[in-house]
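The exercises below ask the reader to work through helix geometry, helix packing and a chain interface. Each task is followed by its solution.

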Amino acid sequence: MEIKARSIARGKATGQALISHAAIGFLGGVDPATGKVMEKGHPLEGKNIAGKVLVFPNGKGSTVGSYVMLQLAKNKKAPAAIINVSAEPIIAVGAIISHIPMVDKAEKDVYAILKDGQKVTVDGDKGLILIS
Amino acid sequence: MRLTKEEQEMLDGGLGDAARESMEILVALGKIYGAERMIPVTSVQVSGVSYKTIGQAGLEYLADLAEKGARTRVQTFLNPAGMDREQWKEMRIPADFAEKQIQVLDAYSRMGITKTCTCAPYFIGIRPKKGEHVAWAESSAVAFANSVLGARTNREGGPSALAAAICGVTPCYGLHLDENRVASLIVDVKCELKGVADFGALGSAVGKLVKTKYPAFRGIKSATEEQLKVLGASMAATGSVPLFFIEKITPEWNVAKDAERITIGAAELDAERKAIDSGLKPDLVTIGCPHASLKEIKEVAELVAKRKPTCEFWVCTSRKMKEEADRLGYSRAISAAGGRVVADTCMVVCPLERMGYSVTGTNSGKAAAYLPNLCKQNVAFGDLEDILYR
């Protein structure tokens, strides 16, 4: 299945979907050394985002979160790609400087279609989500 | 978005990796906020300077960008750093912090950015004219530029401001457009505003009420730039306000027909002052949030020459202003009374929490808003005569 979306950050990557209905704040919320979600009470608490196609509504919290995404990328613990419902600057900037392909505003409800662990490709150049 | 030939060339990588990545950031922001085009800016203020706020992650980003050959195209200066570049030892800044802070400033310097670290650039001649487009990041400077000078800027973040500096443009949305520069909250001020602390308390109170509206004040008879600075800074701190108007004082006055109205009188002002003042005696008084003007430094110098304060005190300002104060003897008068004129930094972004202070005095609603969380300080709030001799 191919879903059209808006391109935010370039590049193309494939991984298993990791789905969150809650916003993610990277500063303090994700450990840059391991990729583990640390925020207490977050639906993804304890899960690891490294190599995953991370699906979440939008970013939240400190703007330093963009830099934490870059640290994750340098430590090879960044998500493979990002799908947001509606991008905001912290995650958009973080994805661009960390070279993480990213799209938002998919034409179909990805929460209704995608399941945790499902293989999915994000094409940030063409603005596409591909589900096999 | 419609891009010019040069903007497209940057996006395609024809002008190097740093310009490409920067233009990607600007295009993404343009998409998010619905901009149709870019607009050239005449100056940029970059935030994310104190090592305390950006940490190791931010330092690595800046070092990488400098390494990739990032160079600014327009006048670019910095928000305050975590310490005075020259007096950090005397200020008792921890050495490990100082080392990282110097690396941050060096990375910016390699990109061609002047090491002018100030939140009040308008006091040292960086004064965009009415209608001029800029990309500034520090919240109080944004409020001053838009409201007092009538220039146009959104509230930039660190990376978006830096991208604007490298590309010389910013996406044209928000406060760059006439139709968005409209206030929808009228604030009737029904009391006399005496000193800077009154303007700070007013800003602090109104900021908590604005939600996402821009306020338009009536009933303020006169205000100095120092008072306007504190009013805007305090509203920016408690309510993220990037633009305000004051009838017959600010260069613009655009109020929506259906604007909501509120009244602030002596009782509300007094309640706000009491809410933010712990009543404790400060062990450090910090003046200059945002950075002090020469007039403010002179006032402090004259005050403390007459009567020595009972606590340690700093006057925070830009380096250029400190040099002026040194030349005019104000710094010497302040040192003689047990104080210090501190440049490049401020009480909020330096590591106060690691320096043994627990009660910090201020006359700024902005510092009062940030000191408890960012520096683990109790706040003594009031006019200078009150907090210096409490």
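This is a predicted model: local features need pLDDT of at least 70, side-chain atom pairs count only at pLDDT 80 or more; totals for chains, interfaces and linings use all residues.

**Exercise 1.** Determine whether the residues of H7(B) are buried or exposed.

*Solution.* A residue is buried if 20 or more other C-beta atoms, placed from the backbone, lie within 10 Å of its own, exposed if 12 or fewer, and partly exposed in between. By this criterion 12 of the 12 residues of H7(B) are buried, so the helix is largely enclosed by the rest of the structure; among them are B:Asp198 and B:Phe199.

**Exercise 2.** Describe how H7(B) packs against H8(B).

*Solution.* First, the axes (lines fitted to C-alpha atoms over the stretch in contact, with angles from 0 to 180 degrees between N-to-C directions) of H7 (residues 196–207) and H8 (residues 225–239) of chain B come within 7 Å and cross at roughly 30 degrees. That makes H7(B) roughly parallel to H8(B), since angles under 35 degrees count as roughly parallel, over 145 as roughly antiparallel, 65 to 115 as roughly perpendicular and the rest as oblique. Next, the residues in contact (C-beta atoms, placed from the backbone, within 7 Å) include B:Phe199 and B:Gly203 of H7(B) together with B:Val230 and B:Ser234 of H8(B).

**Exercise 3.** At what angle do H1(A) and H2(A) pack, and which residues make the contact?

*Solution.* Helix H1 (residues 65–74) and helix H2 (residues 89–98) of chain A pack at about 30 degrees, with their axes 8 Å apart. That makes H1(A) roughly parallel to H2(A). H1(A) contributes A:Gly65, A:Ser66, A:Met69, A:Leu70 and A:Ala73, and H2(A) contributes A:Ile90, A:Val93, A:Gly94, A:Ala95, A:Ile97 and A:Ser98.

**Exercise 4.** Which helices of chain B each supply at least two residues of the side that touches chain A?

*Solution.* Across the interface, 18 residues of chain B are in contact with 19 residues of chain A. Helices H2 (17–33), H3 (51–67) and H6 (158–167) of chain B each supply at least two residues of that side of chain B.

Note on methods. Residues are numbered from 1 along each chain as its sequence is written. Chains are lettered from A and ligands numbered from 1 in the order in which they are written. Helices (H or I, at least four residues) and strands (E, at least two) are DSSP runs, numbered from the N terminus. Two residues are in contact if their C-beta atoms, placed from the backbone, lie within 7 Å.
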